[in-house]
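Biologist: I would like to learn how to read a model like this one, feature by feature, with the general idea given before the particular case. Could we begin with the way strands are paired?

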Amino acid sequence: MPHRSPGAQGGRKGHYLSGKPIKYYRPRGSADIKALVDDGFQAFNAARLSEACHIYADKMLAPESDTTIGLTVAGALTPAGLGGCVIELMERGLIDFVISTGANLYHDLHYALNFTLRRGSPFLDDRELFEEGVIRIYDVLFPASVLLETDSYVRDFLGRSGLDGPVATSDLHLALGQDLLTRTPGSEEYSVVAAAAKYGVPVYTSSPGDSSIGMNIAYHELMNDSRLMIDPNKDVNEVFALVLAGTRNGCVILGGGSPKNFYLQAQPTLWEVYGIPKGGNDYFIQITTDQVVWGGLSGATPAEAVSWGKVNPGVLPDTVVAFVDSTIAFPIFAEYAVGSANNRRARKNLVHRRAELVADLKRQAKEASTSRPDVSAFETIADIDRDR
C-alpha cells in the first residue's frame, strides 16, 4: 500500500473537489477574438502577442512558406486545460511535432482515462490537502487516487506494449497514444498523446526521467527485468532530422526550459557537430513570463539566439517574445490561428517519416565529414543566412 492515503472517509475532500471540472478547451476561430487581437492589442505586451499571432497565421502558416513547425511546452499547461488548443492545431496540421515536459504528457493521460481535475484555489492549507488525499497544482485540484490509477495504467501499458530495448520518446508516445485509441475510443478528442498518434505528430520529452511516465519506466525495468529504456540519442537525431528536412523552420515556445533548448539546439548543432550548414530558424515565437536579466534559458531572446546560429540573423523581424502567462496567451493565439485564412494545412505525418529523415541526416553528415571546406562551418552558415 502506498504511504499516502487516497482520501479519508468523512473528511473535507468532497468540499475541496467541488469546483467545476477542468475541460480541454477547443478554439473555434472566434471573429471577436480576431478583432480584439487586431484592433485592441495595440501596445506593450498585448502588441507583442498580436505580433506573434500575425507571424504565425500570416507567415509561418502561409502555403508558400512550407514551414515545419515545432511546438515546445513547459509549465503545467495540460492540467490547466490547454491540451485542447494543442489538439486543435494538430488536427488542422498547424503544428508538425511537439517537445514537451514529461509532466504535461503524464497529466494529459488523466483526461484520456476519464479522470477529473477540478478548479480550486491556490490559497488552501496544503497540510490539510495532504491529509485528505488531494493534490494541488496551483489552483488545480484532484484526488491522489488519480495519480495511482494513472500510474497503474502506464505500468500495464508498458507490460503489453512489446517495447523492448532502447527507444526514442517518440516511439514511446506513439505506442502510448495508439494504446489509448484502442482502449478508450474517442480519446483523441481530449488527449494530446492520443491525438498525436492519430494525426501523425511526433511527441518528444527532453527530460524523460523527470516525470511520472519515466518513473514507471524505471519501475518496469527494475521489477520486470525489462530492457526498455529511453535513448536520448535517438531523440536528438530525430529532431535534427525533422529540422533539416524543413523548407523553412519555425517554433512556438510556451514557457521555456528544457523543451525550448532541445528544439533550438538543432540548428547550431547541425553545423557545429554534423558539418551541415542548414541555417538558423526562420521564425521564432515565445510566450513566457521569464526575463532576460536573470540569465535563464527561458528568458533568452531571439537576438541572443542569433549568436549561436539558432535563429537566422536576417529574419529577426519575424521573431517575437510576448511576456504573457501562457494560460492566457495561448488560447487567444490558437483562437486567432483557427480563425485565420491559413487555418488548415495538409498534415506532414512526420511520425511515420522519422526513419527516412534520420537516414538522410546520416547521409548528409557523412558527406560533410569527408568534404569539410577550409572555411569554418560557422562562417559558412553566416554566409547562408546573409544571402537569405
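Predicted model: local features only at pLDDT ≥ 70, side-chain atom pairs only at ≥ 80, totals over all residues.

Modeller: Strands of a sheet pair through backbone hydrogen bonds, either parallel or antiparallel. Five bridges join E9 to E10 (residues 283–287), and the two strands run parallel.

Biologist: Which strand pairs with E9 over seven bridges?

Modeller: That partner is strand E1 (residues 67–73), which pairs with E9 in the parallel sense. Thr68, for example, has Asn249 in E9 as its bridge partner.

Biologist: In what order do the strands of the open sheet lie?

Modeller: The sheet has six strands in the order E7-E2-E1-E9-E10-E11, with parallel pairing. Strand E7 (203–205) and strand E11 (319–322) are the edge strands, since each pairs on one side only, and the twist averages 15° from one strand to the next.

Biologist: How many of the residues of E9 are buried?

Modeller: Six of the seven residues of E9 (residues 248–254) are buried, and the strand is mostly covered. Helix H12 (residues 257–264) lies across E1, strand E2 (97–100), E9 and E10, and it runs at about 175° to E9.

Biologist: Is Cys251 buried or exposed, and what about Cys53?

Modeller: Cys251 is buried, because its relative accessible area is 0%, and Cys53 also counts as buried, because its relative accessibility is 1%.

Biologist: How should I read a pair of packed helices?

Modeller: Two packed helices are described by the angle between their axes and the distance between the axes. Here the axes of helix H4 (residues 83–91) and helix H9 (residues 192–199) come within 9 Å and cross at roughly 5°, so H4 and H9 are roughly parallel to each other. In this contact Gly83, Val86, Ile87, Met90 and Glu91 of H4 meet Val192, Ala195, Ala196 and Tyr199 of H9.

Biologist: Which residues does Met90 touch, leaving aside those up to four places away in sequence?

Modeller: Met90 touches Ile95, Val192, Ala195, Ala196, Tyr199, Val201 and Arg347.

Biologist: And how does one read a nonpolar core?

Modeller: In soluble globular proteins, nonpolar side chains tend to be buried together. The largest nonpolar core here has 75 residues, of which Tyr56, Leu89, Met90 and Ile95 touch the most other members. Helix H15 (residues 326–338) supplies the largest share of this core, eight residues. A second, separate core of 28 residues includes Ala241, Ile253, Tyr263 and Ala266.

Biologist: Finally, why is helix H5 described as largely enclosed?

Modeller: The way to judge this is to count buried residues along the helix. Of the 11 residues of H5 (residues 102–112), 10 are buried, so the helix is largely enclosed by the rest of the structure; among them are Tyr106, His107, Asp108 and His110. H5 is followed by Asn114, whose phi is positive, near 70°.

Terms used
Residues numbered from 1 in each chain as written. Heavy atoms only, no water. Buried < 20%, exposed > 50% of the residue type's maximum accessible area, 1.4 Å probe, protein only. Helix = DSSP H or I, 4+ residues; strand = E, 2+ residues; numbered from the N terminus. Core = buried A, V, L, I, M, F, W, Y, C linked by side-chain atoms within 4.5 Å. Contact = heavy atoms within 4.5 Å. Pairing = 2+ DSSP bridges. Axes fitted to C-alpha atoms, helices over the stretch in contact; angles between N-to-C directions. Parallel < 35°, antiparallel > 145°, perpendicular 65-115°, else oblique.
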